[in-house]
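Subject: Structure handover

Hello,

Here is the structure I promised to pass on. Please open it next to this email, and my findings follow below.

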Protein chains: 2
Amino acid sequence: MARFVMKFGGTSVANIALLERIADRVQQVQKAGHEAVLVVSAMGHETDRLVTLAEAVDFQSLATRRELDVLLATGEQVTIALLAMMLLKKGLAAKSYQGHQVRILTDDAHSRARVLSVETEELERDLSQHIVPVIAGFQGVAPNGWTTTLGRGGSDTTAVAVAAALNADECQIFTDVDGVYTTDPRVVSEARCMTRITFEEMLELASSGSKVLHTRAVEIANKNQVSLRVLSSFNEVAGTLITTEDNIMMEAPLISGIAFTRDEAKLTLRGVKDQPGIASSILAPISEANIEVDMIVQNIGADFSTDFTFTVARADFELAQSILTAVSERIGAQEVLGDERIAKLSIVGVGMRSHAGVAAQMFDILANESINIQMISTSEIKISVVIDEKYLELAVRALHAGFGLEADPGAESV
Amino acid sequence: MARFVMKFGGTSVANIALLERIADRVQQVQKAGHEAVLVVSAMGHETDRLVTLAEAVDFQSLATRRELDVLLATGEQVTIALLAMMLLKKGLAAKSYQGHQVRILTDDAHSRARVLSVETEELERDLSQHIVPVIAGFQGVAPNGWTTTLGRGGSDTTAVAVAAALNADECQIFTDVDGVYTTDPRVVSEARCMTRITFEEMLELASSGSKVLHTRAVEIANKNQVSLRVLSSFNEVAGTLITTEDNIMMEAPLISGIAFTRDEAKLTLRGVKDQPGIASSILAPISEANIEVDMIVQNIGADFSTDFTFTVARADFELAQSILTAVSERIGAQEVLGDERIAKLSIVGVGMRSHAGVAAQMFDILANESINIQMISTSEIKISVVIDEKYLELAVRALHAGFGLEADPGAESV
């Protein structure tokens, strides 16, 4: 007997027919002698509808964020009620749970609360009586009893936290894709759905532009050693198992996947005096404006001056540019350059840890296509480059072929 | 300083502009030095939308009623969040409360739960800090932590229960009419909005067809001596105060109001043997089918046989008729007669307690219009008659004029 936490996102619960499909799937799981715990998101565009209502009132202040959480939490509450009804109609025992009923305790940071603990007593009692708990994702309750929500990717986070608390054998994230791909199949037709991948690789892919899973959910799964599986609500496929390195074949491939994003923009401050504290005096005003900085590169230039370059989300570009212009005048820099037409591209793989020369191979492949690299940043298992946006597809295809990602390295060893 | 519980129904919270209007009204109440506690229903047709969703899944069983409550409770939750946001936007301190947060404890009879208690500690703390609590009507929490709903008129019930617990000076029910009328103004153009009325009169009017307030809310208000006021969300009027008899002028009018309903149907079992236990053998199968019986009349006939007549909701007519046909065969009655084209009309007034001849006067007025009375039933402060539906308007107008209801009896003495 295995215990599965099964999470279904908005597109997987968008209508009654899909709820019936989930009920059928749960019935199969139970027939096979396994236990199922469900975690669900709001139906389809329900959250958008609720946000539109809130915007009609205007919710700018911190104070109203508390109420926005109360509003948004209704989305998941509708789904758990309808799905529990559907399970009951199919003859399965089921019971819906709102965040505060489970009780999923969070801190009181409204709209981006962190999960502190998940109570399991009642869930365990349900499971021992073959009752399927249907839990509202995305929501929790603060110590003072207020309703909270977990922010983007919140339902994934709920599922992983519940799986960790219940010692589930697997946390299954049902999506509208077949699993985690080596890169976006819309860009590279040879992109392959991976059988397995490590938590670290998934983290790097998620933070580099792959939208299948939210970083936070992967982090919590990694920390609690919860095996995660990404699979399809619509196709009967095995999906991608995200697990610890120990569970992956001995000889890891050099590169697992390629992620990319067009959502960033680049800013450069030219001719900055190269002296201690200069980076902080540039970035402090940016961060005070709540702008997140991604890649940062500083080169030593001639005449004790340097160029300082960083990337921000494209939505923050104009604000960052105006802040930087003011900074530039204050610290006596030469000029501010900005570029919105960039793309960030990352290759990720635990195999590169033990293999030198992956970076060189990457740069070589790009050079062969005459693609200029504007910025480089590396981590232990990732190399990211910023290039001109117009070369993005060309670069991804060249790297996918160059590193042989279309062949399944785990086909024999798994 | 006075403390008001203000309840706004579905039509009063149907859109954002109306929420703003409520915020303005609360601001006036606070400026006048008073305290406000809000209780709200789901917006406009939201409950209908949710019921449609549930029906798409199919919710026949008792088990799914628990989940239906979870679903329906989202309607009020949306309103409290948006209204609290609106109050905050207007610079007022406000805080939303779901039923379980207040905590409004109910029994576990899903979809028709009864309120057991209302905790006030947190609400009192809010009020002492000039925070406006915005409470979801219609919903509560059972001792086991499950979400419950209170059934029809549930938000009125919530408001009265909260007002009783908080010792509010007045529970104000905001509606789409100006108050409680002597009768339906659509039928009698001279119908007058009453300044005051007793709980008992309101109860009789509500149970006789007046739809302004639900019987349950009036009962709880009466039991807890909470002054109720029905007033308009849309017009600045004083509305109708529903209070104890002591607070009404010494010389009560004979008749306060006329209520009527077309929602009933009449069934007669002719030629029943007049023997002990016969009424029970007729009504038991009806009540076992969950059909509620309203008026019951039995006449002694000739030859030790009798005619037995009662009314049921028109929606139950066909079912009741088929049950009665079976009963008729079993007990050897002569025949079953049914009539759907009836109307029930009631005159209500505490004044009739001390005045004989009100019934005679009523029957006289109807006789002058040549209206035949099919059934009569009386209580201490009410006389109800069943007549042919086609005479209803005529009868109501004749009685309204005959008892002089267009003149305000309290105009001087209040």
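In strand β9 of chain B, B:I173 is the residue opposite B:K7. Please keep in mind that the model is predicted. The two strands involved are β1(B), residues 3–8, and β9(B), residues 170–175. They pair in the parallel sense, over 5 bridges.

Both strands belong to an open sheet of 8 strands in chain B. The order is β3-β6-β2-β1-β9-β11-β12-β10, and the pairing is mixed. At the edges stand β3(B), residues 94–97, and β10(B), residues 196–198. Each has a single partner strand, so one side of each is left without a neighbour in the sheet. From one strand to the next, the twist averages 20°.

Helix α6 of chain B, residues 154–165, covers β1, β2 (35–40), β6 (132–136), β9 and β11 (228–232). Helix α6(B) runs at about 170° to β1(B).

Now chain A. Chain A has 12 helices and 20 strands. The C-alpha trace of chain A spans about 75 × 55 × 30 Å along its principal axes. How does the radius of gyration of chain A, 23 Å, stand against that of a compact globule? For 414 residues, such a globule would have a value near 22 Å, so the 23 Å of chain A agrees.

Chain A also has an open sheet of 8 strands. Its order reads β3-β6-β2-β1-β9-β11-β12-β10, with mixed pairing. The edge strands are β3(A), residues 93–97, and β10(A), residues 196–198. Each of these has a single partner strand, so one side of each has no neighbour in the sheet. Direction ignored, neighbouring strands of this sheet are turned by 20° against each other on average.

Two strands of chain A deserve a look. Strand β9(A), residues 170–175, and strand β11(A), residues 228–232, run parallel and are joined by 5 bridges. Here A:Q172 stands opposite A:R229 in β11(A).

Next, the helices of chain A. Helix α1(A), residues 16–31, lies across β1 (3–8), β2 (35–40) and β6 (131–136). Helix α1(A) runs at about 155° to β2(A).

Further along is a helix pair. Helix α7(A), residues 199–207, packs against helix α8(A), residues 215–224. The angle is about 165°, and the axes are 9 Å apart. That angle makes α7(A) roughly antiparallel to α8(A), because angles over 145 degrees count that way. The crossing of the two is left-handed. On the α7(A) side, the contact uses A:F199, A:M202, A:L203, A:A206 and A:S207. They meet A:T215, A:V218, A:E219, A:A221 and A:N222 in α8(A). By class, the residues of this contact are 6 nonpolar, 3 polar and 1 charged.

Last, the contact between the chains. How many residues of chain B are in contact with chain A? There are 29, and they touch 29 residues of chain A. On the chain B side, the elements that give two or more residues are α1 (16–31), α2 (46–57) and α3 (62–89). Helix α3(B) gives the largest share, 17 residues. The side of chain B that touches chain A has 19 nonpolar, 7 polar and 3 charged residues.

Over to you.

Best wishes

Conventions: Residues numbered from 1 in each chain as written. Chains lettered and ligands numbered in written order. Predicted model: local features only at pLDDT ≥ 70, side-chain atom pairs only at ≥ 80, totals over all residues. Axes fitted to C-alpha atoms, helices over the stretch in contact; angles between N-to-C directions. Helix = DSSP H or I, 4+ residues; strand = E, 2+ residues; numbered from the N terminus. Parallel < 35°, antiparallel > 145°, perpendicular 65-115°, else oblique. Left-handed = near helix turned anticlockwise from the far one by under 90°. Contact = placed C-beta atoms within 7 Å. Nonpolar A, V, L, I, M, F, W, Y, C, P; charged D, E, K, R; others polar. Pairing = 2+ DSSP bridges. Rg over C-alpha atoms; globule rule 2.2 N^0.38 Å.
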